[in-house]
Amino acid sequence: MAENQPDLARTVEDYVASLPEGVRTPETVYRSRLALCLRCENLRDGTCALCGCYAEARAAKAAQQCPAVPPRWTPETEGEPE
Ligand code: SF4
């Protein structure tokens, strides 16, 4: 597993970079979401144990929210048209 992690990290990074601007979480919000995930007991090897997603991939989509109850971070709606 360990020797595959650089490839996996690159794959997640490429996925995040490929998200269209209207879908992707603004960088500052993305960083704050990941900071919360990093301190979360549900994070296991980069994967959220509650939803099975790679935390970076989930956090990178603005409309997503943390699956915990209550959620530790919520959908990003700032800047969306009314
Ligand atoms: S998405 Fe939520 S529950 Fe999952 S690791 Fe991040 S903060 Fe924890």
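Helices (H or I, at least four residues) and strands (E, at least two) are DSSP runs, numbered from the N terminus. The structure is a predicted model, in which local features need pLDDT of at least 70 and side-chain atom pairs count only at pLDDT 80 or more, while totals for chains, interfaces and linings use all residues. Residues are numbered from 1 along each chain as its sequence is written. The chain averages a pLDDT of 90, and 89% of the residues score at least 70. Where pLDDT is low, the predicted coordinates should not be read in detail.

The secondary structure of the chain consists of 3 helices and 2 strands, arranged from the N terminus in the order α-α-β-β-α. Burial was assigned by counting neighbours: a residue is buried if 20 or more other C-beta atoms lie within 10 Å of its own, exposed if 12 or fewer, and partly exposed in between, with C-beta atoms placed from the backbone. By this criterion, 13% of the 82 residues of the chain count as buried. Two residues are taken to be in contact if their C-beta atoms, placed from the backbone, lie within 7 Å. Of the contacts in the chain with a separation of 6 or more, 46% are accounted for by residues 24 or more positions apart.

Helix α1 was examined for length and burial. The expected span of a helix is 1.5 Å times one less than its number of residues. The 14 residues of α1 should therefore span 20 Å, and the end C-alpha atoms are 20 Å apart, in agreement with that value. The number of buried residues among these 14 is 0, so α1 lies largely in the open.

The loop between α1 and α2 contains R24, which counts as partly exposed because it has 17 C-beta neighbours inside 10 Å. When residues up to four places away in sequence are left aside, R24 touches L19, A60 and A62. R24 and A59 are separated by 35 residues in sequence, yet their C-alpha atoms are 8.8 Å apart. L38 and A55 are 17 residues apart in sequence and 9.1 Å apart in space, C-alpha to C-alpha.

The loop between β1 and β2 (47-48) holds D45. The phi angle of D45 is near 50 degrees, a positive value in a residue other than glycine. D45 is exposed, because 11 other C-beta atoms lie within 10 Å.

Two features were noted in the segment after α3. P70 lies in this segment, and the peptide bond from V69 to P70 is cis, with omega near -5 degrees. W73 also belongs to the segment after α3; W73 counts as buried because it has 21 C-beta neighbours inside 10 Å. Not counting residues up to four places away in sequence, W73 touches R33, L36, Q65 and C66. The C-alpha atoms of W73 and L34 are 9.5 Å apart, although the two residues are 39 positions apart in sequence.

A residue is near a molecule or strand if its C-beta atom, placed from the backbone, lies within 6 Å of it. There are 13 residues around the ligand, and C37, C40, N42, C48 and C66 come nearest. Helices α2 (27-38) and α3 (55-59) each supply at least two residues of the shell. The shell comprises 10 nonpolar, 1 polar and 2 charged residues, where Ala, Val, Leu, Ile, Met, Phe, Trp, Tyr, Cys and Pro count as nonpolar, Asp, Glu, Lys and Arg as charged, and the others, Gly among them, as polar.

Notes:
pLDDT is the predictor's confidence in each residue, from 0 to 100.
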